[in-house]
Amino acid sequence: MLYVETHGIRIPALGFGTFRLDGRSAERMVAYALEIGYRHIDTAQMYGNEAEVGAAIASSGVPREEIWLTTKIWPDSFRHGDLQRAAGQSVHRLRTEPDLLLLHWPNPDVPLRETMRALNEAKRQGLTRHIGISNCPSALIRESVALSEEPLLVDQVEYQPYLSQRAVLEELRRNGMALTAYSPVAQGKVFSDRTLTRIGERHGKNPGQVALRWLIQQDGVSAIPRSSRDAHAKANLDIFDFALSAAEMAEIFALARPDGRLVNPAGFAPNWDR
Ligand SMILES: NC(=O)c1ccc[n+]([C@@H]2O[C@H](COP(=O)([O-])OP(=O)(O)OC[C@H]3O[C@@H](n4cnc5c(N)ncnc54)[C@H](OP(=O)(O)O)[C@@H]3O)[C@@H](O)[C@H]2O)c1
């Protein structure tokens, strides 16, 4: 396993995502993921599976300190007081404090200063070990950093071969932060990609493994693919025995296109970097 280091903290570079895994399949898949070597699990209050994720961790036999656990607060709990209450409910459901608590999406209806103060307090109250943000373009990264006394470890954003995140990466690196890539296999789209298939054939890997390797080979980037199938979860972890050349990395960077973004919910998506 490789690690990403941010503010002196090490995060396993490959994690297991649980969006759209309902309770029972989340519990089964997280148990399986831990059994085969994943040590980084991503959930959120909105996924409705924190209790099952927590149960799988508790019964896994893997020492808690070996697992990196991330959860996220939904924007309807961003007011001071609401946020700490919601964080406490996550701890209760997960049966453990998360390693990382993220603000799931920006919420322009609540002053960021108030939300950041609440998030900082949640950390000081022991409701999470570390804090961070999600779905923030570079301007919001800058604002968040300026308003937080505690270090923000990561911005969790969509990042896959069809979407450039150059502006976000530059801003994160300037602030000593890391990027966690969600939808890293472009929700399955990379599996029919000809460039990724061709590169993969050279290494004996499938296109998804190439996309994941491309992500974690970048400085300060981790990835959290999701799967509901054992074989897929296992394949996604099998990316530590090969490396992409500089030319292959460049070829994958060139797949980015202006309409490559997959997750852009009307109503609460921020103004993304162009
Ligand atoms: N912060 C946020 O706002 C946010 C937003 C979206 C996602 N996330 C996080 O990021 C995680 C991953 O993103 P995602 O779930 O949107 O997309 P993803 O991981 O890019 O793609 C998941 C899809 O790819 C398929 N897949 C995965 N591995 C495969 C393999 N080896 N072979 C063939 N198909 C494969 C899965 O199907 P099978 O089940 O059949 O394998 C599933 O349909 C989420 O689960 C969640 O934890 C966060």
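This note sets out numbered points on a predicted model of a protein chain with a ligand.

1. Basis of the model. Because the model is predicted, local features need pLDDT of at least 70 and side-chain atom pairs count only at pLDDT 80 or more, while totals for chains, interfaces and linings use all residues. Residues are numbered from 1 along each chain as its sequence is written, and side-chain values use heavy atoms, with hydrogens and water left out.

2. Overall form. The protein chain contains ten helices and ten strands (DSSP runs numbered from the N terminus: helices are H or I with at least four residues, strands E with at least two). For 274 residues a compact globule would have a radius of gyration near 19 Å, and the 18 Å of the protein chain agrees with this (taken over C-alpha atoms; the globule rule is 2.2 Å times the number of residues to the power 0.38). Along the principal axes, the C-alpha atoms fill a box of roughly 55 × 45 × 35 Å.

3. Burial, contacts and surface. Of the 274 residues, 56% are buried (buried means under 20% relative accessible area, exposed over 50%, partly exposed in between, with a 1.4 Å probe and protein chains only). Where contacts join residues at least 6 apart in sequence, 75% of them link residues at least 24 apart (contact means heavy atoms within 4.5 Å). The protein chain exposes about 12,000 Å², of which carbon and sulfur atoms supply 48% (accessible areas come from the Shrake-Rupley method with a 1.4 Å probe; for residues, only the protein chains shown count as cover).

4. A polar side-chain atom of H232 lies 2.6 Å from an oxygen atom of the ligand, and an N or O atom in the side chain of N135 is 2.9 Å from a ligand oxygen atom. These are polar contacts (pairs of N or O atoms within 3.5 Å; within protein, one must be able to donate a hydrogen and the other to accept it, and residues adjacent in sequence count only if both atoms are side-chain atoms). For N236, a polar side-chain atom lies 2.9 Å from a nitrogen atom of the ligand. On its own the ligand has 900 Å² of accessible area, and the protein covers 90% of this.

5. Helix α7. Within α7 (residues 194-203), the buried residues are T195, L196, I199 and G200. They lie on the same side of α7 because they cover an arc of only 130 degrees around the axis (the arc is that of the directions from the helix axis to the C-beta atoms). The buried residues of α7 pack against α8 (207-216) and α10 (246-253), whereas the face turned away from the buried side carries the exposed residues R194 and E201. At the N-terminal end, D193 caps α7, with a side-chain oxygen 2.9 Å from the backbone nitrogen of T195. Just after α7, G204 takes a positive phi of about 70 degrees.

6. Y162 and D193. Y162 is placed in the loop between β8 (152-158) and α6 (166-174), and its 7% relative accessibility counts as buried. A polar contact of 2.5 Å joins the side chains of Y162 and D193. Beyond its neighbours within four places in sequence, Y162 is in contact with residues including D193, L196, L255 and G260.

7. S134. This residue belongs to strand β7 (residues 130-134) and is buried, at 1% relative accessibility. The side chain of S134 reaches two backbone oxygens, that of Q156 at 2.8 Å and that of H104 at 3.3 Å.

8. Helix α2. In α2 (residues 50-58), E50, V53, G54, A55, A56 and I57 are buried. The buried residues of α2 pack against α1 (23-36), β4 (40-42), β5 (68-73) and α3 (82-94).

9. Backbone points to inspect. Most residues other than glycine have a negative phi. H7, which is not a glycine, has a positive phi of about 50 degrees; H7 lies in the loop between β1 (3-6) and β2 (9-12) and is partly exposed, with a relative accessible area of 40%. R20, also a residue other than glycine, has a positive phi near 70 degrees. R20 lies in the loop between β3 (16-17) and α1 and counts as exposed at 58% relative accessibility.
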